[in-house]
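Hello,

I am passing a structure on to you, and I hope you enjoy looking through it. Have a look first, and then read on for what turned up.

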Amino acid sequence: MAQAQVSNKPWYKEVTQNQWRALIAAGSGWALDAMDVMLYSMVLVQVMQELQMDKTVGGFLATLTLLSSAFGGLLFGMVADRYGRTKSLMISIIVYSLFTFLCGFSQTVTQLAVFRLLLGLGMGGEWVAGAALITETWDAKHRGKAMGLVQSAWAIGYALAAIVAGLVIPLWGWRGVFFFGIVPALVAIWIRKGTKEPEIWEKMKQDATQKQKSKPKLVELFSGKVLRWTILGAALSVCAQFGYWGLFTWIPSYLGTPVEQGGAGLDIMKSTTWIVIMQTGAWFGYVSFGFLADKIGRKKTFILFFALAALLVPFYGMSSDATRLLILGPFVAFFGSGYFSGFGAVLAELFPTEIRATGQGFCYNFGRGIAATAPTLVGFMATGMGLGAAFGFLAIAFALAAVLVLLFLPETMGKQLN
């Protein structure tokens with residue numbers, strides 16, 4: 001395994017203008033992806049009341065979005081490998097922003113379900129295009145930091161969704177919140193103007209054209225030495241995302257649900273404040289994971305975050321007191337979110353360039369597709385035992401993720417892509 005050369009310069013002075021540009025493009029798209037996707041969670045209580053949905057149906061609509069995002073990630077991964085990372089990134093942003101906007105016109109549960117289903121295609125595509133762009137543009141020794149910074153944008157987007165909901169709902173209701181979701185389309189225009197494709201992808205395309213390779217990209221994930229990484233990446237993604245989506249889809253509703261119905265009973269402004277504070281912890285988690293992964297290795301950092309998430313989540317679910325939730329929230333988000341920063345780098349380091357985006361897209365979004373059942377399952381369980389108690393069940397997923405890393409994941413820190 002080739003190791004990056006040691007430099008005495010501060011890491012940020014070694015970063016080129018093109019690398020920063022790629023990071024801003026991927027990070028801004030990811031932040032606005034988070035905002036558009038999580039707007040649903042912020043208005044779920046109001047939507048359930050107006051469209052007469054119960055918690056199981058409310059969770060099922062979140063499941064639909066995650067299922068379609070799994071397909072979108074695979075689709076846009078192949079688009080990114082064939083036509084370019086920036087083109088795929090731009091199209092995915094347009095898709096999720098357009099259909100978030102259309103959610104505001106929903107008059108029935110069916111209409112809302114269709115729009116959320118189509119929104120998910122862009123949601124899944126943005127991550128894989130952005131991850132491939134960053135991991136191929138940044139040097140090996142800073143790849144973990146870069147993905148940590150990009151992934152931290154999700155916390156910003158999640159918090160922004162809470163702020164938008166807190167400001168817009170009193171004025172224009174839940175429909176106005178969805179209408180705000182068209183804003184990310186403007187970012188796609190900026191990305192199209194000046195973000196370059198990674199040199200390693202450009203060279204791969206030239207070589208592939210000369211060799212006239214015709215083997216389907218998806219088939220290559222299930223052949224030879226790559227197969228074991230496909231299985232491992234997919235299994236790890238299932239566990240990690242099951243825990244995340246089962247928890248964070250329902251936290252806004254948990255905070256806003258009356259105490260007598262098993263929630264924390266916070267009003268809209270308090271819920272917004274609690275979520276913003278919680279996502280501040282998530283932001284530090286994403287960034288810290290990236291720096292730790294470049295310092296002590298991907299494997300140790302994954303185990304640390306998964307294990308502590310498994311310990312903290314049940315305590316959060318048992319705490320209905322507002323003050324305890326305020327204190328625990330940032331720590332739960334730190335360890336229960338931060339591990340996502342490792343996926344882009346590790347998957348990039350496991351797959352070769354010609355199928356890198358396809359491999360990243362398949363593993364990450366296969367996991368998301370299976371984990372799509374988590375919001376529905378938690379919603380179903382909450383009907384009988386309350387949301388807080390249902391959260392404790394998710395600790396199993398985090399614990400299994402830690403075991404998978406411990407037993408099967410190789411250490412790839414410092415690996416040069418080729």
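**Charged pairs and cysteines**

Arg 175 is buried, with a relative accessible area of 17%; here buried means under 20% relative accessible area, exposed over 50%, and partly exposed in between (1.4 Å probe, protein chains only). Before going further, please note that this is a predicted model, in which local features need pLDDT of at least 70, side-chain atom pairs count only at pLDDT 80 or more, and totals for chains, interfaces and linings use all residues. Residues are numbered from 1 along each chain as its sequence is written, and side-chain values use heavy atoms, leaving out hydrogens and water.

The structure has 5 salt bridges (a side-chain nitrogen of Lys or Arg within 4 Å of a carboxyl oxygen of Asp or Glu). In one of them, Arg 175 pairs with Glu 50, with the closest N and O atoms 3.2 Å apart. Arg 175 belongs to helix H5 (residues 143-179) and Glu 50 to helix H1 (residues 17-50), so this pair ties together parts 125 residues apart in sequence. Helices here are DSSP runs (H or I, at least four residues), numbered from the N terminus. Glu 50 is partly exposed, at 45% relative accessibility.

Asp 294 is buried at 14%, and a salt bridge links Asp 294 to Arg 298 (2.8 Å, N to O). Through shared partners, salt bridges join Arg 143, Lys 145, Asp 294, Arg 298 and Glu 349 into one network.

As for disulfides (pairs of cysteine sulfur atoms within 2.5 Å), the count is 0. The sulfur of Cys 239 is 13 Å from the closest cysteine sulfur, in Cys 363, which is too far for a bond.

Best wishes

Key: Helices (H or I, at least four residues) and strands (E, at least two) are DSSP runs, numbered from the N terminus.
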